[in-house]
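The following briefing covers a pocket, a surface patch and charged side-chain contacts. Please consult the sequence and the model alongside the text.

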Amino acid sequence: KSGLYWVGIPPIYRVYDRTMKFVKALSDGTYEKRADPKTDFLLTGTAYQYALLFSEAEDKDKLPLSGQMTMTAMIINPYKALFLVNDWFEALVSRVLPRVREYISQYTYDELINSPDVDLDTHVFEMLGMVGLNGKPSILSILEDQYGIRLLALQTVNIDPPKDYREATLRQFNAIQNAKAE
């Protein structure tokens, strides 16, 4: 609501501030780790893009993969986000990241990047919305009800194999091309 409000009882008053730590997804597909000290506001009702970084997520063949996703989320209850959880961004990441790892472990790297039936974004978001065993609430419900965070979308930015794997596939590709040329 707009208007003028008293904050506390003068002279015993102050505006609550905190250090906000998060990873911001940038428009060029990169990310930026941020720590904004003395933040005295919280964007509520505004969708914001946060980066979800993962590393050493093993695929079906135990190949460790690293990558980045963009999470579009908004704070719908600032009281819960600030006071009922120690770090709301970490709570968001700690609920979403295990589902990303679980999904990646079901497929090979080639399936993840080439198969039209494998859709990391959509399928992980569906997993987050599924009711758990014995009627336990879904991750999306927990985020909203307990932390005051609404997750709106997930989007994969990149999935990368280890450097030596990439070099080996490049050598194989070059050998095939050289054989064709000869």
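The lining of the largest pocket divides into five nonpolar, two polar and three charged residues; here Ala, Val, Leu, Ile, Met, Phe, Trp, Tyr, Cys and Pro count as nonpolar, Asp, Glu, Lys and Arg as charged, and the others, Gly among them, as polar. This is a predicted model, in which local features need pLDDT of at least 70 and side-chain atom pairs count only at pLDDT 80 or more, while totals for chains, interfaces and linings use all residues. Residues are numbered from 1 along each chain as its sequence is written, and side-chain values use heavy atoms, with hydrogens and water left out.

**Largest pocket**

- The lining consists of R99, E102, M127, M130, V131, G132, K136, P137, S138 and I139.
- The volume of this pocket is about 220 Å³, taken as the space filled by probe spheres set on grid points that are joined across faces, edges and corners.
- On a 1 Å grid over the protein atoms alone, with a 1.4 Å probe, a pocket is an open set of points with protein on both sides within 12 Å along at least five of seven lines, and lining residues have an atom within 4 Å of a point.

**Nonpolar surface patch**

- Y79, F83 and L84 form a nonpolar patch on the surface, and their accessible area together is about 340 Å² (Shrake-Rupley method, 1.4 Å probe, only the protein chains shown counting as cover for residues).
- Such a patch joins nonpolar side chains (Val, Leu, Ile, Met, Phe, Trp, Tyr) within 5 Å, taken from residues with over 30% relative accessible area and no salt bridge.
- Y79 belongs to helix α1, residues 78-83 (helices are DSSP runs of H or I with at least four residues, strands runs of E with at least two, numbered from the N terminus).
- Y79 counts as exposed because its relative accessibility is 52% (exposed means over 50% relative accessible area, buried under 20%, partly exposed in between, with a 1.4 Å probe and protein chains only).

**Salt bridges**

- The count comes to two salt bridges, each defined as a side-chain nitrogen of Lys or Arg within 4 Å of a carboxyl oxygen of Asp or Glu.
- One joins the side chains of R34 and E32, at 2.6 Å from N to O.
- R34 is partly exposed at 29% relative accessibility, and E32 is partly exposed at 31%.
- E32 lies in strand β2, residues 31-39.
- E32 and Y5 are 27 residues apart in sequence, and their C-alpha atoms are 35 Å apart in space.
- The side chains of R150 and E144 also meet in a salt bridge, at 3.0 Å from N to O.
- R150 is partly exposed at 31% relative accessibility, and E144 is partly exposed at 26%.

How values were computed
Patches are made of residues with over 30% relative accessible area and no salt bridge: like charges are joined within 9 Å, nonpolar side chains (Val, Leu, Ile, Met, Phe, Trp, Tyr) within 5 Å.
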